Amino acid sequence: MSEAMNVHSGVAAAHAVHHDDHGHHHHEQSFISKYVFSMDHKTIGKQFLITGMVWAIIGGLFSVLFRLQLGYPDQSFPILETFFGNWAKGGQIQPEFYYGLVTMHGTVLVFFVLTAGLSGTFANLLIPLQIGARDMASPFLNMLSYWFFFIAGIVMLASIFVHTGPASGGWTMYPPLSALRQAGEGQKIGTDLWLISMALFIVSSLLGGLNYISTILNMRTKGMSMTRLPLPIWAMFFTAVLGVLSFPVLLSGAILLLFDRNLGTSFYLSDIVINGEILPNEGGSAILYQHLFWFLGHPEVYIILLPAMGMVSEILSVNSRKPIFGYMAMLGSLFAIAILAFLVWAHHMFVTGLNPFLGSVFVLLTLLIAVPSAIKVFNWLTTLWRGNIRFTPATLFAIGFVSLFISGGLTGIFLGNSTIDIHLHDTMFVVAHFHIVMGVASFFGMFAGVYHWFPKMFGRYLNNTLGYMHFWVTMIGAYLIFWPMHYQGLAGIPRRYLDKKGWVSFNQFGELDKMITVVSIIVFAVQLMFVFNFFYSIFKGRKVTTPNPWGANTLEWTTKINPGHGNWEGEIPEVHRWPYDYGKDGREFIPQTEPVGANESKH
Amino acid sequence: MQTFFIVAILALGFLITFQIAKASEYVAVLRGYEKSRKQTNKLNGFMLLAFLILGLIGVYYCNERLKGKILGEPASDHGVLVDRMLYVTLAVTFVVFIITQVALFWFSYKYQESDKRKAFYYPHNNKLELIWTVIPAITLTVLVGFGIFYWFKITGDAPDDAMQVEVVGKQFGWEFRYPGKDGVLGKKYFKNVNPAANNPVGQIWEDRYNHDDVFVEQEMHLVVNKPVKLVIGAKDVIHDVGLAHFRMKMDAVPGTPTTMWFTPKYTTKQMKEKTGNPDFVYEISCDQMCGKGHWSMRGTIIVETQEEFDAWLASKKPQYYVANPDKDPSVKRDSVIASAPLTGAVINR
């Protein structure tokens, strides 16, 4: 350990004076300091990615299980009883198990996969490489960030195996349901573990976020002004700012909830009679938690989405061999989204009895977000226009991202409008909306990033054929699953209903539910194929033979094919131009490191 | 056995796919990577176009299949506003959806890599960007304007002649209280809740407004064309009064009463005819995750004429008399023992 730290302080010193050779120390690292407690941002990025993939499989599997219940509510699956015992008595998923699955699916995918797995991976991998730094501002805090995430994961995993089951109050964990042990099995130790895990996760996220911000602000190489930063870096920057400002609020909400659960306080509790027991608590407000939760919860949506947007911008530009259209507008819209993200949280609460006037303010601010979002979409479209597009798997996923972002963004205009939200709130429409725009779209951004930067991460390519199959099945499947789901919402079917037989108004979609279940199983299987492709290609993939396989301008492609710790062997390159000079003056691409020529046209 | 077969087929399919994928890569390398890459590029370009066309057909087909299954005519005056807003938004977003999706996939197809084309260096155009900032801004302003206008109509004060009903959610069912002849719901306190003593709501018997309040469970009765104001609460955790046919919804929060009002337009009987479904019934669904029985937390509403409603209400005994049979004049006549006139004296508010 200490040896590794000496090496890294050496790295920092070398960075400060901008010279030195770096090849000498790699062979000194032990397995533990190189792959386990690594302080190399690239390794930490890979750790986040692989941990995120494990969680994605778990979270995805949960969704397959509860889709089985939704598609085939009457059928018995004896294999479920084999694996889950009492939770699936008679081969049928029991309600408490169902709600545990739903809750874990949401928590795991929102926080562990699409927050840690997405921005943890790509902020770590790309920030130093694209701004021209040897590592993060604090490699040690960076390592801690991963390990806090890891411990948070262990605690969450443990909660799945406790006797009373995991937390089952929905990923939003609203009290009083989540505050009262009497309210159900999942509200017992499972919820405490959930809260502890989230607290650890927030620590991880803050350590990471502060590191990303300080690295981007302080450690850019010579010539890399803020307006020469590639868009993924800007996106990661705003993501980190959002996280740093909003996660502490969730932490406070979670801690108050822990107090209410364990210390007898009444922050969220008042006037409660549960199972015939009259509780002494008076004067608390259950709605307070919702404000605290959504003050994080809404920025969280953008914490998930912005990195995907940034990477999609980069990948579309590189592969259409054209500059990103409207770089400054892209920046401005990212900034606008980041600001507005903090001012719209109560649109999740239109029907909580919120003051109608306050509601109307939130309607205005919410629909305002559509403006920067529209700018981004039009700019992506114009980036493709008159390009010369190479459909790498990454490009396809980026195009898919734009398509899904349009579809899911437009349904947001329904839900952000409080009048329509009265009808659609907490129905399957909401489920369809956020799965498309936040879930699948961000996953597409993540896949695009993995396919695009895999050569940088491992010096090999992913198998293309599997990549194309992965894209097409996932794209078609995503629409088949979530598009018709909007109709269930329009019919008023509430979320989290595991069986609709007892209802006169909601019982007309049996066939549809079956179709969705079948498709989601297929899509899940294809994700497993991707995971297989990933691990197979790390060891057996086609080797990268050129340092810059995509013909890209950004700095990460100026390193060796398999860069060691410190990234560049000699001096860190100097930057002379913005990263999007593609197709300029008859040249296919002009790397950022190339000085501006005397006769070069201006952009 | 079935499961085993499914797993076996999946594994086999996977193995075959993987072998094909591996082989295709070897072939690509053998034939010259650039050449096969360009072929794949053409294929994917074509697939994107096909996806657009088939996707749009799919959207149409999906709508044909499912449009009859969504709720149909709104059954309340507010519901009409909600639906109107919804269809206006649908029209606007559908136009945007078509334009942008067509552009996305068409550009992808049209501008796929070709040796003949050079990408057009086009970093920005302020005029264009201004246009597509301003147009969405104006469109959204219109939508916000409509939305807020309707929103204030729906959430504004209930008319003075509205009848009141208290709705209380609990794990996992609904309770209702009618104010009786005086039109005022008596006071309640949660520590008074005692179902064993026939006080499920926690009414304060000293409050004389409570004396004619009627308590019922699971089934609420409303009067057609008469505004109703629901006073909503919850006993244990947050629930939500979801009235899909009326297009209304409001959370039931323990400790913080909420309200909503609307006017039912059709009686249950009329809705049976309209929907052609003899089993039709208005349902109350819990729309806020409330525990393991959330999915089955169902209540029903009967909308009827004023006469029918009056007859129904008259058939119900006020909860005060149920809890205190000694006070019940109808009981007192039949019973000799139950005469303790001095206990539980009525205190004025």
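Begin by selecting R321(A), which is buried, with a relative accessible area of 4%. The model on display is a predicted one. R321(A) sits in the loop between α9 and α10 (327-341) of chain A, and its phi is positive, about 55°, although the residue is not a glycine. For context, most residues other than glycine have a negative phi, and most peptide bonds are trans.

**Further backbone features**

Select N275(A) next, in the loop between β1 (273-274) and β2 of chain A. Its phi is near 50°, again a positive value in a residue other than glycine. Is N275(A) buried or exposed? N275(A) is exposed, with a relative accessible area of 60%, whereas R321(A) is buried.

Proceed to P175(A) and P176(A), and display the backbone between them. The peptide bond that joins P175(A) to P176(A) is cis, and its omega is near 0°. P176(A) belongs to the loop between α6 (139-161) and α7 (189-218) of chain A.

To find F172(B), look in the loop between β1 (163-170) and β2 of chain B.

**A kinked helix in chain A**

Now select residues 428-458 of chain A, which form helix α15. Where in this helix does the kink lie? The kink, of about 45°, is at H452(A), shortly before the proline P455(A). Of the 31 residues of α15(A), 31 are buried, so the helix is largely enclosed by the rest of the structure.

**The interface of chain A and chain B**

Colour the two chains separately and turn to the contact between them. Chain A contributes 126 residues to this contact and chain B contributes 112 residues. Together the chains bury about 10500 Å², and 70% of that area is on carbon and sulfur atoms. Select F391(A), I422(A) and W472(A): these residues supply 6% of the area that chain A buries against chain B, more than any other three residues.

Polar contacts are also found here, with 39 residue pairs counted between chain A and chain B. Which helix gives the most to the side of chain A that touches chain B? It is helix α12 (residues 370-384) of chain A, with 10 residues. The residues on the side of chain A that touches chain B comprise 77 nonpolar, 35 polar and 14 charged.

**Salt bridges between the chains**

Side chains of opposite charge can pair when their charged atoms come close. How many salt bridges are found across the interface of chain A and chain B? The count is two.

Select E25(B) together with R542(A). These residues form a salt bridge in which the closest N and O atoms are 3.9 Å apart.

Select E282(A) and K191(B) for another salt bridge, at 3.5 Å from N to O. This pair crosses between chains: E282(A) is in the loop between β2 (277-278) and α9 (286-319) of chain A, and K191(B) is in the loop between β2 (173-178) and β3 (214-217) of chain B. E282(A) is partly exposed, at a relative accessible area of 40%, and K191(B) is partly exposed too, at 36%.

**Salt bridges within chain B**

Over all chains, the salt bridges come to 36. Select E175(B) and K235(B), whose side chains meet in one of them at 2.9 Å, N to O. The pair links distant parts of the chain, 60 residues apart: E175(B) is in strand β2 of chain B, and K235(B) is in the loop between β5 (228-234) and β6 (239-243). E175(B) counts as buried, at 2% relative accessibility, and K235(B) is buried as well, with a relative accessible area of 11%.

Move on to D328(B) and K317(B), which meet in a salt bridge at 3.2 Å, N to O. D328(B) lies in the loop between α7 (319-323) and α8 (329-334) of chain B and K317(B) in the loop between α6 (306-314) and α7, so the pair ties together parts that are 11 residues apart in sequence. D328(B) counts as buried at 2% relative accessibility, while K317(B) is partly exposed at 40%.

For the last stop, select E34(B), R37(B), K38(B), E113(B) and D115(B), which are linked in a network of salt bridges.

Conventions: Residues numbered from 1 in each chain as written. Chains lettered and ligands numbered in written order. Predicted model: local features only at pLDDT ≥ 70, side-chain atom pairs only at ≥ 80, totals over all residues. Heavy atoms only, no water. Contact = heavy atoms within 4.5 Å. Buried area = accessible area lost by both parts, 1.4 Å probe. Salt bridge = Lys/Arg side-chain N within 4 Å of Asp/Glu carboxyl O. Polar contact = N/O pair within 3.5 Å; in protein donor to acceptor, adjacent residues only side chain to side chain. Helix = DSSP H or I, 4+ residues; strand = E, 2+ residues; numbered from the N terminus. Nonpolar A, V, L, I, M, F, W, Y, C, P; charged D, E, K, R; others polar. Buried < 20%, exposed > 50% of the residue type's maximum accessible area, 1.4 Å probe, protein only. Bend = angle between axes of the 7 residues up to and from the residue.
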